[in-house]
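Hi everyone, thanks for making time this morning.

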Amino acid sequence: MFKRFKLSCDEATAICDKSQYGEASMKELIPLKLHLIRCKICAMYTKQNTILSFFYSGYAKSCKEVKHCFSLEEKEALKVVLLKHKEL
Amino acid sequence: MSAKKNTLDSNKWIDKYADYLYNYSISRVNNSDLAKDLVQETFFAGLKSASNFEGRATERTWLVSILKRKIIDHYRKINSAKGQAEVRMNFYENGENEGSWLEERVPQSWDNSVEKKLENTELKSQLEICMDRLPEKYAMVFKMKTIQEFETAEICKELDITASNLWVILHRARVQLRKCMEDNWFNN
């Protein structure tokens, strides 16, 4: 019966990553919790993963404030290229 | 009463849509030059297939759908064996230790001032350096899911990959990012 709950470290960290996005199912989370009780390395990975998720979400917030634009020169050059392409 | 049909005016495309398409593209390809090339290719393809435009979608939606195809084509091209080979495995692959941590890649303790370090402006550039070191496809999937916060189904549809494939890519990307941040930020 317990074999069903047994995970390798690779599988456990994969579920841990999935859970960072809130998309791991209960069927995956229960074996993960059991694995974390006995595996200190994966428990540390999980703790560090949560810290990194916090960093990534801060980074995401700052990225959303950045707007990328073509320069005016690039737009003019693109217009010329497009016009030439149209005439072909 | 029939719905009003949309029309195309290619003379205004660049002023109206170039920046929008550029932002859309750069968030998915992680390279500004490539993103600009894809926008240009989108306009060329739009001109070529203008006669197929039925007017049901807006001009912008129609151009975005062309750009999406261009991005998918780009990722299909790079989705080669080379991308797979770039991954340094963190776990034993065979024998009785299969799936366990490789000794040299076991996570190390980080120093306790992590929260203080969040204030550091260098953190953002270090995160970018680590993301740039990922294989291109991993970086793209990671950014779409984590930075752009797209839904899993949407990424799978756009990139023509399965959900399990997406989670494998994200897992490998995050394991590599963790190691990179450990070596270059936390324990540096």
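**A walk around chains A and B**

Let's begin with Gln126(B), which touches Cys180(B), Met181(B), Asn184(B) and Trp185(B), leaving aside residues up to four places away in sequence. Before I go further, please keep in mind that this is a predicted model. Gln126(B) itself sits in helix α6 of chain B, residues 122-132. Is Gln126(B) buried or exposed? Its relative accessible area is 12%, and buried means under 20%, so Gln126(B) is buried.

Now to helix α9 of chain B, which runs over residues 163-186. This helix has 24 residues and spans 32 Å from its first C-alpha to its last, close to the 34 Å expected at 1.5 Å a residue. How much of α9(B) is covered? Most of it: 17 of its 24 residues are buried.

Part of the story of α9(B) involves the other chain. Helix α1 of chain A, residues 9-19, has an axis that comes within 9 Å of the axis of α9(B), and the two cross at roughly 100 degrees. An angle of 65 to 115 degrees counts as roughly perpendicular, so that is how α1(A) and α9(B) are placed relative to each other. Which residues meet there? From α1(A) we have Asp10(A), Thr13(A), Ala14(A), Asp17(A) and Lys18(A), and from α9(B) Trp167(B), His171(B), Arg174(B) and Val175(B). Sorted by class, this contact has four charged, three nonpolar and two polar residues.

An α-helix has 3.6 residues a turn, so residues three or four places apart point the same way.

Let me step back to chain A as a whole. Chain A has four helices and zero strands, giving the pattern α-α-α-α along the sequence. Of its 88 residues, 36% are buried. Taking the contacts in chain A with a separation of 6 or more, 62% are between residues 24 or more positions apart. Its accessible surface comes to about 5,700 Å², and carbon and sulfur atoms account for 64% of that.

One last stop, back in chain B. Glu54(B) is in the loop between α2 (32-48) and α3 (59-78). With 47% relative accessibility, Glu54(B) counts as partly exposed. In sequence, Glu54(B) is 48 residues from Asn6(B), yet their C-alpha atoms are 7.9 Å apart in space.

Definitions and conventions. Residues are numbered from 1 along each chain as its sequence is written. Chains are lettered from A and ligands numbered from 1 in the order in which they are written. This is a predicted model: local features need pLDDT of at least 70, side-chain atom pairs count only at pLDDT 80 or more; totals for chains, interfaces and linings use all residues. Side-chain values use heavy atoms; hydrogens and water are left out. The expected span of a helix is 1.5 Å times one less than its number of residues. Buried means under 20% relative accessible area, exposed over 50%, partly exposed in between (1.4 Å probe, protein chains only). Contact means heavy atoms within 4.5 Å. Accessible areas come from the Shrake-Rupley method with a 1.4 Å probe; for residues, only the protein chains shown count as cover. Axes are lines fitted to C-alpha atoms, for helices over the stretch in contact, and angles run from 0 to 180 degrees between N-to-C directions. Angles under 35 degrees count as roughly parallel, over 145 as roughly antiparallel, 65 to 115 as roughly perpendicular and the rest as oblique. Ala, Val, Leu, Ile, Met, Phe, Trp, Tyr, Cys and Pro count as nonpolar, Asp, Glu, Lys and Arg as charged, and the others, Gly among them, as polar.
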